[in-house]
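Biologist: I am new to this structure and would like to learn how to read its features one at a time. Could you show it to me and then take me through them?

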Amino acid sequence: MTLAEIAAALGAELKGDPDLEITGLATLEAAGPDQLSFIANAAYSRFLATTRAGAVLASPALADQVQTNVLLLDDPYLGYARISHRFETAPAPRPGVHDTAVIDPGVRVPDSASIGPHVVIEAGVSLGERVVVGAHGFIGANCVLGDDCLLRPRVTLAHGVSMGRRCHILSGAVIGSDGFGFAVHEGEWNRIAQIGNVILGDDVEVGANTAIDRGALDDTRLGNGVKIDNLVQVAHNVQIGDHTAMAGKVGVAGSTRIGRHCMFGGASVISGHLTITDGVQVTGMTMVTGDIREPGVYSSGTGHMTNREWRKNAARFRQLDAMARRLKELEKKTEG
Amino acid sequence: MTLAEIAAALGAELKGDPDLEITGLATLEAAGPDQLSFIANAAYSRFLATTRAGAVLASPALADQVQTNVLLLDDPYLGYARISHRFETAPAPRPGVHDTAVIDPGVRVPDSASIGPHVVIEAGVSLGERVVVGAHGFIGANCVLGDDCLLRPRVTLAHGVSMGRRCHILSGAVIGSDGFGFAVHEGEWNRIAQIGNVILGDDVEVGANTAIDRGALDDTRLGNGVKIDNLVQVAHNVQIGDHTAMAGKVGVAGSTRIGRHCMFGGASVISGHLTITDGVQVTGMTMVTGDIREPGVYSSGTGHMTNREWRKNAARFRQLDAMARRLKELEKKTEG
Amino acid sequence: MTLAEIAAALGAELKGDPDLEITGLATLEAAGPDQLSFIANAAYSRFLATTRAGAVLASPALADQVQTNVLLLDDPYLGYARISHRFETAPAPRPGVHDTAVIDPGVRVPDSASIGPHVVIEAGVSLGERVVVGAHGFIGANCVLGDDCLLRPRVTLAHGVSMGRRCHILSGAVIGSDGFGFAVHEGEWNRIAQIGNVILGDDVEVGANTAIDRGALDDTRLGNGVKIDNLVQVAHNVQIGDHTAMAGKVGVAGSTRIGRHCMFGGASVISGHLTITDGVQVTGMTMVTGDIREPGVYSSGTGHMTNREWRKNAARFRQLDAMARRLKELEKKTEG
């Protein structure tokens, strides 16, 4: 693409050579003269003096510091996000059905769809236009995939999973497997059939090796624009509101309801049967053990220290209640 | 099923219309007139007045509050668990071997077994009656699957894994992969061949994308009725006693021995080489760093608070040992 | 193997019967008269008196206590690691390409390579000598696998992943899937194409169901001899130095740089954009929230206690800052 084409695609104002050919994207540090870079954070402005980038996406506030061609945008990071797809390195899937795919004869595969090698599609499945099912995909009976869903290789959807348009499911994800539901009787666990489904909205992303369980009776639901990273556990009956994001290794226990526009840091864990309101941010590795009714940032845990210090402090944690009582006692004494 | 048939199946006393046809299960809130619901917890009794359910499973203590047909049972939740399987929405696997399955010619596949598309079964494998191996299953050499084992699509069993009857293995589970064993030599890691196996008892459940490693020398063992949720890590040589359950994202490090009838909350982590006795409950996200010799409930960690409060308190945690010493000093002073 | 052959293979001094045939390895407790065992830790020397092992690998310091044949070595644990591979129980993969594999016609498969059933290999892939791709493997376009790489069944490599020689990738691992990168705009997440790759050095191990994301712009890099256990999350742009090891369930957030010869205990979590120097050890379940500039052992969190004690102490943690202020106040008073 030329800089003029990129400017047009992004609605950016170009200051520089419109005919310069851009062949890739790179950071300010790594970019060469045929690559485009961006500056989204003033903290990186020290690289502007020395970058070899052919052009830089920049906001008006930082544009003056750019020594090379500039594409002016209010939100250069968003511009980078949008233009990045033109430089995608993944091979574009070709429409068609691979010979080795096993597809129930009643399923209608749109001509625009791409079904990879060794895929299995069971009866009653509905596939939207331009759907891609990567190699080794398994689409269980009666699943519904909206237009433009992209399933990377080795995605497993159990029966009855439904997703909207433009969902992006990464390799190893398992959606719709049985929730962990048992009735205890005389110390033994009696499995409960999980007869709810999983319903994903439009533009949902599900990360690699993530597991989203089907509901016990009601459905597990992820709203529009929900983004889930790798190795996340979403238990049965969970509901996640629109545009909420969860980083890697998050766990959400059963029947919890999470609002819209929330963010969960990596490895945070949310107990079951809770309600988390809209606009909540939870920092990494936090343990959420109760409802959160106010938007804001929440945290738990303790940061790292040397093992020597930690041993002493962690031992005192066991005495913390006693310390609090002793403190109170002293206060009484000194008041008296 | 009619209510009379359900009553007979559960040994319940029916108060109401024996001929009412029930087509599904639902919560009290969601159920319609052709659906069965249940009340297992007095906290939900407020829904009894307004439920539209065709019938409700209830204990004698709550039955009077039900306005519709009642099925009386001592343990309605257990009744719900048992009857739920009649309403399973997953398609029943048909016996037979799919054309695309690759099965070692020496393996005997019972006529009652169901082997899905693209399955691979290596030499020396023993398959019980009515075994189901879902699509993309891999059964390594010399595995043994007891009668009625159900492997959902995309389960991987490395060589030599053995399981009893009625085991239920969810999609993405990997059982029997190499334990993480190395001998350090001059700062480099020398891999140790993992020549133990994995042995599961009867009625074991293994969740989606869970990993259970084979033993280094001895076997990794899960007893009868053990239930493991999604994304759990069970390291090499671990032993888990009968009817112990682990929620999602639990991790058990190598060579730890866990008793019978234990329960581990989500994301709890148990260090290696420990012994946990029978009847231990560990709450979610707890770090178990030493043996547990007494039954009971155990916990660690701290619950969430606002990030602002947390920053202050977590900073003080670093001073906790010093605070304890200062408190002691003050006590001395005031005593004197 | 005879004891003489084992002694020769390990460069060990044999005290005993050179012709004794050894058929397996076992612990001192479990070994029988045709099995070899080892003593690597004086804590286990109590088993030396009663072991039925045919022979024992032992250091000179402990050799006198062995009542049976001894193989003398400076580092018996290393000797055990090295000899263990002679007793590997996994069937040796046979060279050749399975009929059901789908391989781009332009890919050259060495005669020494073994390509299992239902494998998919895309265009532009380079395979080294003696490479093994287990059943259901997916090798995306333009991947490079060095000599002697061993991919267990069901490994997924997205396009452009490169690995050196002798890498060992366990079942369910996903390497090179898209990093979790989005630009927020009006509360919605705009996906950023992840155009970096993943580059693994020689002798890298990647555990079962582990996910290693491709870089956003730069590459995600794991050095030589890096060992990663099961269910680990390595986010985009992470760099891990040579011979660093990570136990199960570790998570490393985006763009963090980790040094050489580090060790991360199970379920520890490292925040994004950090720098961890060489030689750092992090204990299990630690939350690393800032750079670590000095080698040493680091920890966080608190160990388990009874739930009753924990409730009291955890409640006080919320008051910790207030307690510290009150303590200070008291100190002022008593000084005055």
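Biologist: Is C:Glu129 buried, exposed or partly exposed?

Modeller: Buried means under 20% relative accessible area, exposed over 50% and partly exposed in between, with a 1.4 Å probe and protein chains only. C:Glu129 has a relative accessible area of 30%, so C:Glu129 is partly exposed. Before we go on, please note that this is a predicted model, in which local features need pLDDT of at least 70 and side-chain atom pairs count only at pLDDT 80 or more, while totals for chains, interfaces and linings use all residues. Residues are numbered from 1 along each chain as its sequence is written, chains are lettered from A and ligands numbered from 1 in the order in which they are written, and side-chain values use heavy atoms, with hydrogens and water left out.

Biologist: With which residue does the side chain of C:Glu129 form a salt bridge?

Modeller: Side chains of opposite charge can pair when their charged atoms come close. A salt bridge here is a side-chain nitrogen of Lys or Arg within 4 Å of a carboxyl oxygen of Asp or Glu. C:Glu129 meets C:Arg108 in this way, at 3.9 Å from N to O. The pair links distant parts of the chain, 21 residues apart, with C:Glu129 in the loop between S10 and strand S11 (132-133) and C:Arg108 in the loop between strand S7 (102-103) and strand S8 (114-115) of chain C. Helices (H or I, at least four residues) and strands (E, at least two) are DSSP runs, numbered from the N terminus. C:Arg108, at 55% relative accessibility, counts as exposed.

Biologist: How many salt bridges does the structure hold over all chains?

Modeller: The structure holds 39 of them over all chains. One of them joins B:Asp242 to B:Arg260, whose closest N and O atoms are 3.7 Å apart. In another, C:Arg325 meets C:Asp321 at 3.1 Å from N to O, and both residues lie in helix H5 (residues 320-335) of chain C, 4 residues apart, about one turn of the helix. C:Asp321 is buried, with a relative accessible area of 7%. Salt bridges that share partners also join A:Arg152, A:Glu205, C:Asp178 and C:Arg191 into one network.

Biologist: What is the order of the strands in the open sheet of chain C?

Modeller: Strands of a sheet pair through backbone hydrogen bonds, either parallel or antiparallel, and two strands are taken to pair if DSSP finds at least two bridges between them. This open sheet of 8 strands has the order S10-S13-S16-S21-S24-S27-S30-S33, with parallel pairing. Strand S10 (126-127) and strand S33 (275-276) stand at the edges with a single partner strand each, so one side of each is left without a neighbour in the sheet. Between S21 (residues 198-200) and S24 (residues 220-222) there are 3 bridges, and C:Leu200 has C:Leu222 as its bridge partner in S24.
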